[in-house]
Amino acid sequence: MILRSKIKWVALGGLILSILSLVVHLILAKYSTQNLVSYSTFTIISDDIGVSVGGTQVFGYKKLWENLKFLQSLQPYSNPRTSFPEPAVQSNGFIYAKIYGGFEKIRNSIADLVAVSRLLNATLVIPEIQESLRSKGISSKYTCFSYIYNEEQFIAALKSDVIIVKTLPSKLKEARKQKQFPIFKPTRSASPSYYTSEVLPALEKAKVVGLVIADGGCLQVWDALPRSLLEYQRLRCRVAYHALRFREEILALGHEIVKRLRASGQPYIAYNPGLVRDALAYHGCGELFQDVHTELIQYRREQMIKQRIVREELAVDSHARKLNGSCPLMPEEVGLLLRAMGYPPLTRIYVAGSEIFGGQRVLIPLRAMYTNLVDRTSLCNKQELLNLFGPEKPLAEDSVEPLPSKSPKLFKEEWDKAGPRPRPLPPPPGKPIYRHEKKGWYGWVAEKNVEPDPSPAELRSQAHRLLWAALDYIVSCEADVFFPGFHNDGSGSPDFSSLVFGHRLYEMASLRTYRPNRENDAGKMNCISAVYSNQHSTMF
């Protein structure tokens with residue numbers, strides 16, 4: 001009896017202690033949450049990569065963040081240095097242009113187009129960005145050129161260089177609809193003599209010519225231009241860094257992202273993976289991926305060979321290409337480089353680029369090394385991103401094919417006609433593939449050998465990518481450090497990293513911008529500043 005009594009008292013004491021512990025935890029939880037602020041998208045970033053000494057934030061490894069002092073005296077200047085008179089009131093005619101391609105090709109093509117208009121003494125009609133026009137139902141508030149850029153700023157900034165109008169006169173517009181004007185399709189390496197000998201006579205005769213620019217440019221690069229046309233390179237700089245200003249909504253959100261990244265006064269790295277399907281296909285990097293991704297890259301490379309963009313064999317040794325520096329650094333290699341350079345694990349890294357081939361899966365190793373890996377979706381809420389689009393018409397949802405159904409009467413008839421019993425069971429029917437089961441834009445690979453035309457949803461997504469790239473461009477240009485996974489050194493089609501190189505070099509040459517040497521060894525630590533980028537060196 002005495003033993004049972006002691007056990008009861010011990011059990012009662014344990015129960016009382018458990019209840020008391022629970023009450024204490026509830027009280028602590030209540031008072032500890034009173035000071036929590038409302039949800040903010042940028043609270044996911046840890047803030048302990050630096051320490052506070054005497055009220056001043058001191059960052060470890062300061063040499064990795066500070067600007068290059070020997071370049072701080074360089075200031076942006078792209079004004080003419082020789083005689084460059086204002087455009088004549090009486091021009092030779094109008095030039096209108098259709099520009100195809102993504103953000104990088106559009107930006108480069110517009111700069112070339114302005115230079116060509118000046119060369120031909122032509123009035124330029126605001127160019128048409130086809131990536132936004134092809135999408136049905138996007139906002140009527142922001143269409144064509146104004147989908148990304150500020151039209152008024154574009155016209156005002158270049159008034160001393162080229163006469164620019166928003167549309168053709170009404171009579172000429174009707175004639176254009178009837179296809180009465182000649183159309184040219186210049187290549188990216190078109191020379192000035194091509195325009196003066198072929199395009200100019202047609203312009204003087206018809207008073208209107210059209211240009212279709214799908215190659216990421218329509219005029220030779222600066223180092224191929226004759227010395228007499230050096231001012232045209234400075235004109236391209238004025239277009240790229242003064243005239244092409246994003247519309248206010250994009251600028252506001254881009255600067256807000258920068259503000260959130262620099263919360264509590266800490267610096268950040270902007271990293272562009274450069275994993276773009278076209279670039280991977282062009283350089284033959286398909287074997288670096290697996291399964292469906294390799295098939296998609298090889299299919300695109302086959303298309304490029306047929307279009308004579310690529311003049312090599314379809315099957316190449318991707319690993320050999322990787323060793324000679326033709327392929328991008330993979331995210332895990334970039335992580336190892338940053339760690340070897342001394343950037344601590346809690347460094348804030350912003351992932352830029354509207355397309356990352358392979359998706360978030362390829363970023364997993366980098367995220368394991370740097371937990372503060374963020375992008376626009378983690379720094380902005382959904383409504384902030386939707387506000388960039390403006391009012392859009394809803395797309396018709398893809399209809400889902402209904403499952404085949406049979407009535408009980410039909411089942412009975414089939415049973416009666418099935419023959420004598422017992423009988424072996426028939427093989428199961430093949431599982432139908434329904435439209436709602438095709439996730440992503442790669443669903444066609446398993447069914448056919450020809451890539452289908454983009455759906456309305458995919459066309460709209462391509463238009464939205466222009467906005468995402470514009471946001472990433474702002475964040476990358478203002479970053480304390482910019483690190484590219486890939487850049488083409490000014491050769492080939494323009495890429496995102498090369499544009500950022502040029503802009504950072506122009507606006508503030510002392511900003512820390514790395515250009516990793518990808519040749520021979522992806523882990524080689526031969527990183528040099530973008531100031532040596534000869535692509536844009538003539539702007540100084």
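**Exercise 1.** Classify K166 as buried, partly exposed or exposed, then find its salt-bridge partner in this predicted model.

*Solution.* Start with accessibility: K166 has a relative accessibility of 42%. Next, look for the partner: the side chain of K166 meets that of E151 in a salt bridge, at 3.9 Å from N to O. The two are 15 residues apart, with E151 in helix α4 (residues 151–157) and K166 in the loop between β6 (164–165) and α5 (170–177). E151 has a relative accessibility of 19% and therefore counts as buried. Finally, widen the view: E151, E152 and K166 are linked in a network of salt bridges.

**Exercise 2.** Work out where the salt-bridge partners D112 and R236 lie, and whether they are buried or exposed.

*Solution.* First, take the distance: the closest N and O atoms of D112 and R236 are 2.7 Å apart. Then place the residues: D112 belongs to helix α2 (residues 103–119) and R236 to helix α7 (residues 230–243), so this pair, 124 residues apart, links distant parts of the chain. Last, check accessibility: both D112 and R236 are buried.

**Exercise 3.** Locate N372 and identify what its side chain reaches.

*Solution.* Begin with the position: N372 sits in the loop between α13 (364–369) and β11 (373–374). Now accessibility: with a relative accessible area of 2%, N372 is buried. Then follow the side chain of N372, which reaches the backbone oxygen of L346 at 2.8 Å.

How values were computed. Residues numbered from 1 in each chain as written. Predicted model: local features only at pLDDT ≥ 70, side-chain atom pairs only at ≥ 80, totals over all residues. Heavy atoms only, no water. Helix = DSSP H or I, 4+ residues; strand = E, 2+ residues; numbered from the N terminus. Buried < 20%, exposed > 50% of the residue type's maximum accessible area, 1.4 Å probe, protein only. Polar contact = N/O pair within 3.5 Å; in protein donor to acceptor, adjacent residues only side chain to side chain. Salt bridge = Lys/Arg side-chain N within 4 Å of Asp/Glu carboxyl O.
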